[in-house]
Amino acid sequence: MKYKYIIFDFNGTIIDDVDLCLSLLNEILELEELPLVSLEKYKNIFTFPIIEYYKNAGITFEKHSFKELSTWFVNKYQPLSFKCNLYPGIVDTIKSLNNKGYKVILLSASQKDNLLEQTERFNITCLFYKILGIDNIEAKSKLEIAQRYFKENNINMKECLFIGDSTHDYEVGSTLGGDVLLMSYGHQSKEALSSCNVPLLDSIYELEDYL
């Protein structure tokens, strides 16, 4: 077994919240009196840190600060996210990984308490060896918390596979020294993900064959 740890992103990788995030972005754009965006454009402008994605959408933060918009977004997003679905096959796949001896870690740019509330609502908290989230709502980066965790636990990064749906997931995994696998069905376009030059899967059902 090449890998010991499988590290999953949450938004757009486990939970299908793309349409919700698009809808909320367009509500923000209405508040800002800016043109709305299509799903295709959303996937082409989405990036991390989130402030850059907002800038890509045309937001200048003259009417509302980034902090105000972040607070508004989280307050709207969190309860609505409970109505989203998990991607088909994701739960069975993680259960299978656990049964095969992998340690499955959840690593997200979401605020930790909000993330735990979501995993509890979806009854998937028990599927993860460790859940890592950030300590603020501005979704800047999950790199620092990941670096700290892996260093404190003396984890060999060569035994880690990072799975996500964004170029940021690639940046985090590759910076830490692990391998990266990206899923094409989430928040970023295939074109953006292809620039990372790592394996790109269209379905979580393809994961175990890859492993």
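**Overall build**

The model is predicted. The protein chain holds ten helices and eight strands. Its radius of gyration is 17 Å, close to the 17 Å that the globule rule gives for 211 residues, so the chain is as compact as a globular protein of that length. The C-alpha trace spans about 55 × 35 × 30 Å along its principal axes.

**The sheet**

Six strands form an open sheet. Their order is β5-β4-β1-β6-β7-β8, and the pairing is parallel. Which strands sit at the edges? They are β5 (130-134) and β8 (200-201), and each of them pairs on one side only.

Further in, strand β1 (residues 5-8) runs parallel to strand β6 (residues 160-164). Four bridges join β1 and β6. Ile-6 has Leu-161 in β6 as its bridge partner.

**Helix packing**

Two packed helices are described by the angle between their axes and the distance between the axes.

| Helix pair | Axis distance | Angle |
|---|---|---|
| α4 (residues 66-81) and α6 (residues 112-121) | within 10 Å | roughly 15 degrees |
| α1 (residues 18-31) and α4 | within 11 Å | roughly 145 degrees |
| α7 (residues 143-152) and α8 (residues 167-176) | 10 Å | about 30 degrees |

Take α1 and α4 to begin with. Their axes come within 11 Å and cross at roughly 145 degrees. The crossing of α1 and α4 is right-handed. On the α1 side, the contact uses Leu-20, Cys-21, Leu-24, Glu-27, Ile-28 and Leu-31. These meet Leu-69, Trp-72, Phe-73, Lys-76, Tyr-77, Leu-80 and Ser-81 in α4. By class, the residues of this contact are ten nonpolar, one polar and two charged.

Helix α4 also packs with α6. The axes of α4 and α6 cross at roughly 15 degrees. Angles under 35 degrees count as roughly parallel, and α4 and α6 are therefore roughly parallel to each other. The crossing of α4 with α6 is right-handed. Helix α4 brings Val-74, Tyr-77, Gln-78 and Ser-81 to the contact, and α6 brings Asn-114, Glu-117 and Gln-118. How do the residues of the contact of α4 with α6 divide into nonpolar, polar and charged? There are two nonpolar, four polar and one charged.

Tyr-77 and Ser-81 of α4 touch α6. Tyr-77 and Ser-81 are also among the α4 residues that meet α1.

The remaining pair is α7 and α8. These helices pack at an angle of about 30 degrees, with their axes 10 Å apart. That makes α7 roughly parallel to α8. Helix α7 passes α8 in a right-handed crossing. Leu-143, Ala-146, Gln-147 and Phe-150 of α7 make the contact with Val-172, Thr-175 and Leu-176 of α8. Five residues of the contact of α7 with α8 are nonpolar, two are polar and none is charged.

**Backbone details**

Most residues other than glycine have a negative phi, and most peptide bonds are trans. Two places in this chain depart from that pattern.

Where is Pro-49 found? Pro-49 lies in the loop between α2 (39-45) and α3 (50-56). The peptide bond from Phe-48 to Pro-49 is cis, with omega near -5 degrees.

Asn-123 sits in the loop between α6 and β5. Its phi is near 60 degrees, a positive value in a residue other than glycine.

Terms used:
Residues numbered from 1 in each chain as written. Predicted model: local features only at pLDDT ≥ 70, side-chain atom pairs only at ≥ 80, totals over all residues. Heavy atoms only, no water. Axes fitted to C-alpha atoms, helices over the stretch in contact; angles between N-to-C directions. Helix = DSSP H or I, 4+ residues; strand = E, 2+ residues; numbered from the N terminus. Parallel < 35°, antiparallel > 145°, perpendicular 65-115°, else oblique. Left-handed = near helix turned anticlockwise from the far one by under 90°. Contact = heavy atoms within 4.5 Å. Nonpolar A, V, L, I, M, F, W, Y, C, P; charged D, E, K, R; others polar. Pairing = 2+ DSSP bridges. Rg over C-alpha atoms; globule rule 2.2 N^0.38 Å.
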